[in-house]
Amino acid sequence: MSSHSVPNSPPASSLLAPHRHVDDPVLTARALTKVYGRGTGAVTALDAVDVDIPRARFTAVMGPSGSGKSTLMHCLAGLDSVTSGTIMLDGDEVSAMSQRRLTRLRRERIGFIFQSFNLVPTLTAAENITLPLDIARQKVDRQRFDQVVEAVGLSDRLSHRPAELSGGQVQRVACARALVGKPAVVFADEPTGNLDSQSTQQVLAILRTSVDELDQSVVMVTHEPDAAAWADTVLFLRDGHVVAELADPSRDHVLDALRELGDDRQDQGQGGQQDATGPAESTGPADSTDTEA
Ligand SMILES: Nc1ncnc2c1ncn2[C@@H]1O[C@H](COP(=O)(O)OP(=O)(O)OP(=O)(O)O)[C@@H](O)[C@H]1O
């Protein structure tokens with residue numbers, strides 16, 4: 001990583017650092033601003049954010065409710081338009097793409113995993129996994145398919161429909177679906193929010209393995225310090241800014257960081273022990289778009 005920092009206020013902690021630009025990022029945002037609404041009702045969800053997403057690394061995004069995590073993810077993934085600023089994915093300007101190109105981008109170069117699994121109930125696990133490729137009329141790479149199915153531990157469940165699978169297995173199908181097309185980036189939005197602790201560990205291990213063994217770039221929005229501790233780096237948002245980052249996070253260091261940033265409500269169920277009663281599922285475009293046209 002290079003050493004120049006993004007111009008956001010650096011916290012005075014030995015653990016936290018200002019967010020840094022990285023060499024050869026897979027995804028960058030510069031001066032990314034997103035304003036919802038107009039006039040007196042306008043809400044600035046992202047305020048001139050500069051962010052680099054490192055390639056083949058696992059990046060977690062944390063921050064209080066309303067800090068802009070989902071908005072950042074939706075803008076980076078081409079699910080939401082930006083008000084101003086630039087987003088580049090491997091040399092292509094996402095922020096300048098037409099809706100048609102954005103649809104293609106999401107189909108072909110982005111993988112999505114959401115809290116609500118978004119599988120098609122009438123299709124088998126195997127069919128759900130290859131659905132985005134089938135929609136995009138792309139050939140399924142059988143070797144990659146086998147590799148991913150093995151990585152998620154679903155080889156003996158491929159002919160089952162979602163109703164015949166546990167919640168954890170369903171989310172593992174969603175992981176396989178996100179990974180099978182070798183996307184440039186996988187975005188995971190609270191991917192373990194509806195899972196028990198064993199399934200949570202399995203899903204996080206899958207994401208970790210996809211980075212370590214398949215060189216996948218992963219961005220995960222989470223409220224859970226335990227989940228963030230699986231990442232290589234945690235980015236912290238507050239009031240629409242990336243205020244700090246934490247490298248090689250442990251659960252305790254994440255908790256310390258949240259306290260230091262004044263976000264230690266996360267210790268007490270606001271997110272720290274998030275479960276199925278956690279934040280409402282997104283009603284934004286994400287819910288319908290992971291396999292959408
Ligand atoms: N469609 C929308 N219209 C108007 N305001 C919105 C819209 N979506 C988000 N916002 C506002 O933008 C800000 C950032 O919201 P965002 O959902 O990105 O936060 P978040 O950090 O993901 O929150 P949470 O952890 O609760 O999911 C909030 O003030 C929110 O109310």
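Predicted model: local features only at pLDDT ≥ 70, side-chain atom pairs only at ≥ 80, totals over all residues.
## Helix packing, ligand shell and selected residues

Helix α5 passes helix α6 in a right-handed crossing (a crossing is left-handed if the near helix is turned anticlockwise from the far one by less than a right angle, and right-handed if clockwise). Residue numbers start from 1 along each chain as its sequence is written.

The protein chain contains eight helices and ten strands; helices (H or I, at least four residues) and strands (E, at least two) are DSSP runs, numbered from the N terminus. Of its 293 residues, 45% count as buried (20 or more other C-beta atoms within 10 Å of the residue's own; exposed means 12 or fewer, and partly exposed lies in between, with C-beta atoms placed from the backbone). Among contacts between residues at least 6 apart in sequence, 70% join residues at least 24 apart, a contact being a pair whose C-beta atoms, placed from the backbone, lie within 7 Å.

**Helix pairs.** Helix α5 (residues 167–179) and helix α6 (residues 197–214) have axes 9 Å apart and pack at an angle of about 20° (axes are lines fitted to C-alpha atoms, for helices over the stretch in contact, and angles run from 0 to 180 degrees between N-to-C directions). The two helices are therefore roughly parallel (angles under 35 degrees; over 145 is roughly antiparallel, 65 to 115 roughly perpendicular and the rest oblique). On the α5 side the contact is formed by Gly-167, Gly-168, Gln-171, Arg-172, Cys-175 and Leu-179, and on the α6 side by Gln-198, Ser-199, Gln-202, Val-203, Ile-206, Ser-210 and Leu-214. By class, these are five nonpolar, seven polar and one charged residues (Ala, Val, Leu, Ile, Met, Phe, Trp, Tyr, Cys and Pro count as nonpolar, Asp, Glu, Lys and Arg as charged, and the others, Gly among them, as polar).

Helix α5 also packs with helix α3 (residues 125–135): their axes come within 7 Å and cross at roughly 35°. This crossing is right-handed. Ala-125, Asn-128, Ile-129, Leu-131 and Pro-132 of α3 meet Val-173, Ala-176 and Arg-177 of α5. The contact of α3 with α5 comprises six nonpolar, one polar and one charged residues.

**Ligand shell.** Of the 13 residues around the ligand, Tyr-36, Ala-45, Ser-65, Ser-70 and Thr-71 come nearest; a residue is near a molecule or strand if its C-beta atom, placed from the backbone, lies within 6 Å of it. The elements that supply two or more residues to the shell are β2 and α1 (69–76). The largest share, three residues, comes from α1. In composition, the shell has four nonpolar, eight polar and one charged residues.

**Val-49.** Strand β2 (residues 43–54) holds Val-49, which counts as buried because it has 27 C-beta neighbours inside 10 Å. Excluding residues up to four places away in sequence, Val-49 touches Ala-29, Leu-32, Leu-72, His-241 and Val-242. Ala-96 lies 47 residues from Val-49 in sequence and 17 Å from it in space, C-alpha to C-alpha.

**Positive phi.** Most residues other than glycine have a negative phi. Two aspartates have a positive phi although neither is a glycine.

Conventions:
Contact = placed C-beta atoms within 7 Å.
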